[in-house]
Amino acid sequence: MTERPPWFGRAVGEILAASRFGIVGLAATAVHAGVALGLAMPGILPPLVANTIAFLTAFAVSFAGHHFWSFPQAPQAKRRWKARLPRFFLIALMGFAANSGALASWLAFTNWPQSVGILLAIVLVPAVTFLGSRLWAFADTRIAPAGANDHDCV
């Protein structure tokens, strides 16, 4: 049996974090889409207002999922949410600005359904959001080698 290179465990840990980030992101995206479409399609609110409310709702889902699952930490360090929250909110705001800009452009320059614009706008920024989250907002979490317990990460 061949011995694994020293970087292998860390690479697997990063893939696990990215996969968890993706799952949380999909859940937040589903919340975002449901709220935005639920408020905009029946004409309850204009699309950009509905999208703002949807963003804030999805942000809560996203932050909780990433704080507790995507980038776990030792139980005694859970209070780090106070440092993580503003950093992640800034990253999310930048993503939201890109999202809103895409939606506003869609609404201004196309005659296609607003629902398509909303759905397109909310899939544009996940990769950039992951990098910003991993490298800055949740940077206080090291990725454990493959097979390590989540609570081994600090």
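Which element gives the largest share of the lining of the largest pocket? In this predicted model, local features need pLDDT of at least 70 and side-chain atom pairs count only at pLDDT 80 or more, whereas totals for chains, interfaces and linings use all residues. Residues are numbered from 1 along each chain as its sequence is written, and side-chain values use heavy atoms, with hydrogens and water left out.

The largest pocket has a volume of about 470 Å³. A pocket is an open set of points, on a 1 Å grid over the protein atoms alone, where a 1.4 Å probe fits, with protein on both sides within 12 Å along at least five of seven lines; lining residues have an atom within 4 Å of a point. The volume is the space filled by probe spheres set on the points. Of the 22 lining residues, Gly25, Thr29, Ile122, Val125 and Thr129 are the closest to the centre of this pocket. Two or more residues are given to the lining by each of α1, α2, α3 and α5, these helices being DSSP runs (H or I, at least four residues) numbered from the N terminus. The largest share, seven residues, comes from α1. By class, 13 lining residues are nonpolar, nine are polar and none is charged; Ala, Val, Leu, Ile, Met, Phe, Trp, Tyr, Cys and Pro count as nonpolar, Asp, Glu, Lys and Arg as charged, and the others, Gly among them, as polar.

Thr129 belongs to helix α5, which comprises residues 126–137. Thr129 counts as buried because its relative accessibility is 14%, the cut-off being under 20% relative accessible area (1.4 Å probe, protein chains only). Beyond its neighbours within four places in sequence, Thr129 is in contact (heavy atoms within 4.5 Å) with Phe21, Phe88 and Ile91. A distance of 8.7 Å separates the C-alpha atoms of Thr129 and Met94, which lie 35 residues apart along the chain.

Phe88 and Ile91 are among the buried residues of α3, as are Arg84 and Trp106. Helix α3 (residues 81–109) has 29 residues and spans 40 Å from its first C-alpha to its last, close to the expected 42 Å, which is 1.5 Å times one less than its number of residues. The cover over the buried residues of α3 includes α1 (8–40), α2 (47–70), α4 (114–121) and α5.

Ser70 is located in helix α2 and, at 1% relative accessibility, counts as buried. Leaving aside neighbours within four places in sequence, Ser70 is in contact with Ala17, Arg20, Phe21, Val24 and Gly65.

Key:
Buried < 20%, exposed > 50% of the residue type's maximum accessible area, 1.4 Å probe, protein only.
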